[in-house]
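Welcome! Please take a moment to look over the sequence and the model before reading on.

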Amino acid sequence: MNARSQIFELSVEGKQIEETISSLFHTLLFHRILGKFHYKQEGSYSVGTVGMEDVDCDFVDLTYVRVTSEELDRELKEEIAGFQELLRCVDGPRSGQITLEFYQRKRTRWPFSTESIPWEVWTIRLNVMALSNEHERQIYREQVRCCA
């Protein structure tokens, strides 16, 4: 596999999982999505733009931009919710990883199915922390700001 690979290792509270993953994946998707192509007839087409919207996070001090696509947002939320549910089922230290792959589909000969060849892979490794009070949250929040 000759794909470019990026790995983010993050520590978050349970209530921050969805917003953390959504902000990263939506940002990546926004920068990878091309404009809308409308083919009218052979040799004639028009190029439109992709709509965008700002999203303010409730549990992370962040605003990010995403593509205005309800279908894309719904699909991403379903995948993140499944990942979040798996993290809840883990006994002991909760950690896991979720991946976003950009790939091309390569057609193969008749009896074989289509092959997906990744060209870019983004992985988020999460460690879920349990902070017991607001004082610990404030200390952790300040540590994150210092490192950013």
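This is a predicted model: local features need pLDDT of at least 70, side-chain atom pairs count only at pLDDT 80 or more; totals for chains, interfaces and linings use all residues.

The protein chain has three helices and seven strands, and along the sequence they follow the pattern β-α-β-β-β-β-α-β-β-α. The C-alpha trace spans about 65 × 40 × 25 Å along its principal axes. A compact globule of 148 residues would have a radius of gyration near 15 Å, while this chain has 19 Å. Of the 148 residues, 26% are buried. Among contacts with a separation of 6 or more, 57% join residues 24 or more positions apart.

Now find helix H2, which runs through residues 70–88. From first C-alpha to last, its 19 residues reach 26 Å, close to the expected 27 Å. Which residues of H2 are buried? They are Asp73, Leu76, Ile80, Phe83, Gln84 and Leu87. These residues cover an arc of only 100 degrees around the axis, so they lie on the same side of H2. The face turned away from that buried side carries Glu70, Glu71 and Leu86, which are exposed. What do the buried residues pack against? Their partners are helix H1 (17–32) and the strands E5 (63–67), E6 (94–106) and E7 (115–129).

One of those strands, E6, holds Gly96. This glycine is partly exposed, with a relative accessible area of 22%. Beyond its neighbours within four places in sequence, Gly96 is in contact with Phe83, Leu87, Ile124, Arg125 and Leu126. Asp73, by comparison, lies 22 Å from Gly96, C-alpha to C-alpha, and 23 residues away in sequence.

Notes: Residues are numbered from 1 along each chain as its sequence is written. Side-chain values use heavy atoms; hydrogens and water are left out. Helices (H or I, at least four residues) and strands (E, at least two) are DSSP runs, numbered from the N terminus. The expected span of a helix is 1.5 Å times one less than its number of residues. Buried means under 20% relative accessible area, exposed over 50%, partly exposed in between (1.4 Å probe, protein chains only). The arc is that of the directions from the helix axis to the C-beta atoms. Contact means heavy atoms within 4.5 Å. The radius of gyration is taken over C-alpha atoms; the globule rule is 2.2 Å times the number of residues to the power 0.38.
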